[in-house]
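Subject: Handover of a structure and the findings on it

Dear colleague,

Please find below the structure that I am handing over to you.

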Amino acid sequence: MQKLEEIYRDHRGYELNETRKDLDALSKVVSYCVSKFYKEMYLQKKKGALPDILPAKTPRAQELYDLYQAVTHRALSGMPHQMIAIEMEHDRYQSPANIIASRRGSRKTPLPWNVSQVDDLLSIQWVNDEIKKLNEKEIHHPPIQPVAVDNLSDSEK
């Protein structure tokens with residue numbers, strides 16, 4: 001659990017709440033770990049055949065990866081791209097344009113979905129390029145300081 005907490009903190013940018021686990025965020029961290037492991041253990045050893053998606057290392061990159069997953073699932077089920085765009089908008093998914101705009105610092109006005117954004121999300125090269133850019137805007141966290149251990153007994157203080 002401590003290893004997962006450390007990965008969680010690095011990936012999400014904040015501490016894992018021990019009393020109230022955020023299962024959605026934890027699943028995203030596990031997804032990151034699976035992607036990283038697959039790349040290291042299979043693709044680099046020429047054993048894997050699945051497309052290589054860069055692991056998302058920042059919250060915005062994870063948002064884009066989540067959109068990729070949602071759109072890919074719909075496309076594989078045979079849904080036309082126009083319907084995917086309509087459904088994503090209807091289900092209140094943030095558009096990729098909004099996530100990318102947030103990389104530049106502005107995300108106040110929701111940008112609508114369109115077919116070209118669905119097409120972009122179905123392009124592994126486009127998704128990887130954007131995840132790479134979003135990862136580069138990574139938030140740097142201060143190192144965690146170990147808790148000082150007080151070895152003095154109450155009578156020695």
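Helices (H or I, at least four residues) and strands (E, at least two) are DSSP runs, numbered from the N terminus. By that definition Ala-85 is placed in helix α4 (residues 81-90). The model is a predicted one, in which local features need pLDDT of at least 70 and side-chain atom pairs count only at pLDDT 80 or more, while totals for chains, interfaces and linings use all residues. Residues are numbered from 1 along each chain as its sequence is written, and side-chain values use heavy atoms, with hydrogens and water left out.

Overall composition

The protein has seven helices and zero strands, and its pattern along the sequence reads α-α-α-α-α-α-α. Of its 157 residues, 31% are buried (buried means under 20% relative accessible area, exposed over 50%, partly exposed in between, with a 1.4 Å probe and protein chains only). Contact means heavy atoms within 4.5 Å. Among the contacts with a separation of 6 or more, 57% are between residues 24 or more positions apart.

Ala-85 counts as buried, at 4% relative accessibility. Not counting residues up to four places away in sequence, Ala-85 touches Trp-113, Asn-114, Val-115 and Val-118. Ala-85 and Trp-113 are 28 residues apart along the chain, and their C-alpha atoms are separated by 5.5 Å.

Arg-92 lies in the loop between α4 and α5 (96-103). Its phi is near 65 degrees, a positive value in a residue other than glycine. With a relative accessible area of 78%, Arg-92 is exposed.

Two packed helices are described by the angle between their axes and the distance between the axes. Here axes are lines fitted to C-alpha atoms, for helices over the stretch in contact, and angles run from 0 to 180 degrees between N-to-C directions. Angles under 35 degrees count as roughly parallel, over 145 as roughly antiparallel, 65 to 115 as roughly perpendicular and the rest as oblique. A crossing is left-handed if the near helix is turned anticlockwise from the far one by less than a right angle, and right-handed if clockwise.

The axes of α3 and α4 come within 10 Å and cross at roughly 135 degrees, which means that α3 is oblique to α4. This crossing is right-handed. Leu-67, Ala-70, Val-71, Arg-74 and Ala-75 of α3 make the contact with Ile-84, Glu-87 and Met-88 of α4.

For α3 and α7, the axes come within 8 Å and cross at roughly 165 degrees, so α3 is roughly antiparallel to α7. The crossing of α3 and α7 is left-handed. On the α3 side, Arg-60, Ala-61, Leu-64, Tyr-65 and Tyr-68 meet Ile-124, Trp-126, Val-127, Glu-130, Ile-131, Leu-134 and Asn-135 in α7. The buried residues of α7 are Trp-126, Val-127, Asn-128, Glu-130, Ile-131, Leu-134 and Asn-135.

The aromatic pair

Rings of Phe, Tyr and Trp (its six-membered ring) pair if their centres lie within 6.5 Å; planes under 30 degrees apart count as stacked, over 60 as edge-to-face and the rest as tilted. By this rule there is one aromatic pair. Tyr-65 and Tyr-68 form this tilted pair, at 6.0 Å centre to centre with 40 degrees between the planes. The two are separated by about one helical turn, because they are three residues apart in helix α3 (residues 59-76). Tyr-65 is buried, with a relative accessible area of 10%, and Tyr-68 is also buried, at 9%.

Yours sincerely
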